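Welcome! Here is a short briefing to read alongside the sequence and the 3D view.

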Amino acid sequence: MAIVEKVIEAPPQQVFAVLADGWTYSDWVVGTVHVRDVDADWPAVGSQLHHRAGPWPFSLEDSSTVLVCEPPHKLTIRAGLWPAGEAIVVFTLEPVRDGAATRVRIGEDFAAGPLRWIRNKLNDLVLHQRNKETLRRLADIATRQKADERPRR
């Protein structure tokens, strides 16, 4: 499993709030280009987020399903991208600096389909870089929300 981590300058509840807003996934998950629908109870276990990934006209439509939800510490998703396959993605959030910041880890591994069978060092490197950028985007949104909550002058 490829694991990437980043410290985000926002408390875990604030970072988890971004994970819990399925409509923002195309803003921060690299490769997701459009969120088509989100179940009303997202991110409850079993709920789904329906998305499109990849560039047009080659984009694929599929859904991702919540497997574990433990706010504000853990979210595990089975991300579908058939016919390419599916991956298990685990987000873990740990408070740091007395809860003022959050260490976020994202672990991702192909669980089914052709992508699982063609795994190699190049794929691992691409996945690592993709997840670094995903966490950078997540941090931008989570810290922007923090800034947006400050009183305006």
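Predicted model: local features only at pLDDT ≥ 70, side-chain atom pairs only at ≥ 80, totals over all residues.

**A guided look at the structure**

**Around Ser64**
- Ser64 counts as buried because its relative accessibility is 6%, under the 20% cut-off.
- Its side chain makes a polar contact of 2.8 Å with the side chain of His51.
- Leaving aside neighbours within four places in sequence, Ser64 also has contacts that include Trp42, Leu49, Ile77 and Gly80.

**The largest nonpolar core**
- This core has 27 residues, and Leu19, Tyr25, Trp28, Phe91 and Leu138 have the most contacts inside it.
- Among the elements that each supply at least two residues are strand 1, helix 1, strand 6 and helix 4.
- Helix 4 gives the most, with 5 residues.
- Not counting residues up to four places away in sequence, Leu138 touches Ile8, Val15, Val18, Leu19, Trp28 and Val104.

**Salt bridges**
- Side chains of opposite charge can pair when their charged atoms come close.
- The count comes to 12 salt bridges.
- One of them joins the side chains of Arg97 and Glu9, at 2.1 Å from N to O.
- Arg97 lies in the loop between strand 6 and strand 7 and Glu9 in the loop between strand 1 and helix 1, so this pair ties together parts 88 residues apart in sequence.
- Another salt bridge links Arg130 and Glu108, with the closest N and O atoms 2.8 Å apart.
- Here Arg130 belongs to helix 4 and Glu108 to strand 7, 22 residues apart.
- Arg130 is partly exposed at 25% relative accessibility, whereas Glu108 is buried at 7%.

Notes:
Residues numbered from 1 in each chain as written. Heavy atoms only, no water. Buried < 20%, exposed > 50% of the residue type's maximum accessible area, 1.4 Å probe, protein only. Polar contact = N/O pair within 3.5 Å; in protein donor to acceptor, adjacent residues only side chain to side chain. Contact = heavy atoms within 4.5 Å. Core = buried A, V, L, I, M, F, W, Y, C linked by side-chain atoms within 4.5 Å. Helix = DSSP H or I, 4+ residues; strand = E, 2+ residues; numbered from the N terminus. Salt bridge = Lys/Arg side-chain N within 4 Å of Asp/Glu carboxyl O.
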